[in-house]
Amino acid sequence: GNSVTQMEGPVTLSEEAFLTINCTYTATGYPSLFWYVQYPGEGLQLLLKATKADDKGSNKGFEATYRKETTSFHLEKGSVQVSDSAVYFCALSDREGGGADGLTFGKGTHLIIQP
Amino acid sequence: DVKVTQSSRYLVKRTGEKVFLECVQDMDHENMFWYRQDPGLGLRLIYFSYDVKMKEKGDIPEGYSVSREKKERFSLILESASTNQTSMYLCASSSNSGSKNIQYFGAGTRLSVL
């Protein structure tokens, strides 16, 4: 079956540091890959996505590249801010052409940015 | 913007009670989902629905049922609540057109079963 593995936190960084959160996946087909973010007390929000190999998703200074050869989708940001403190989830969907199937999530990485 | 609304942010129930969690979306999405979120386990899919009156089991359906009588509303039912169902419950919806596979989430309902 499908699975997503991501580094578990908490990950604590200083403001303006470089961020990498690793994510690798196992899937039977050609999945779409996602990063979702959950701020304290809120639901999940889509941060970025990539639907095919070598695609790069980007949003709010975050980037992730779909690497089929290493089955990875690592999240990066060049300079983090205190407001980036949240829980980050890597997820996949292997249902082409529609969303009528649940996403497979990693366990989440709690990111703490200190001023 | 897509809005997914869960009727309660916090609920406290007693063991054995029947519990209803309600979710409404306003974007005419075909698909709706219920997940539970637990520390160290991430999100796990309980049930989903791809059409009115249709439902499919997810990874952990035991102890739960669902109802989708209208397209915009998807209810999660705990027939007889137990303490191991204390959790955060998240509802989501998605479309079969446009931005496929993107799920939009509600703010969550934190349920405590005493």
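**Where two chains meet**

Chain A and chain B bury about 1,800 Å² between them, 54% of it on carbon and sulfur atoms; buried area is the accessible area (1.4 Å probe) that two parts lose on being put together, summed over both. This is a predicted model, where local features need pLDDT of at least 70, side-chain atom pairs count only at pLDDT 80 or more, and totals for chains, interfaces and linings use all residues. Residues are numbered from 1 along each chain as its sequence is written, chains are lettered from A and ligands numbered from 1 in the order in which they are written, and side-chain values use heavy atoms, with hydrogens and water left out.

Colleague: OK, what kind of aromatic pair do A:Phe105 and B:Phe105 form?

Modeller: Rings of Phe, Tyr and Trp (its six-membered ring) pair if their centres lie within 6.5 Å; planes under 30 degrees apart count as stacked, over 60 as edge-to-face and the rest as tilted. For A:Phe105 and B:Phe105, it's 6.1 Å centre to centre and 75° between the planes, so the pair is edge-to-face.

Colleague: And A:Phe62 with A:Tyr88, which kind is that pair?

Modeller: A:Phe62 is buried (under 20% relative accessible area, with exposed over 50% and partly exposed in between; 1.4 Å probe, protein chains only). A:Tyr88 is buried too, at 1%. Their ring centres are 5.6 Å apart with the planes at 40°, so the pair is tilted.
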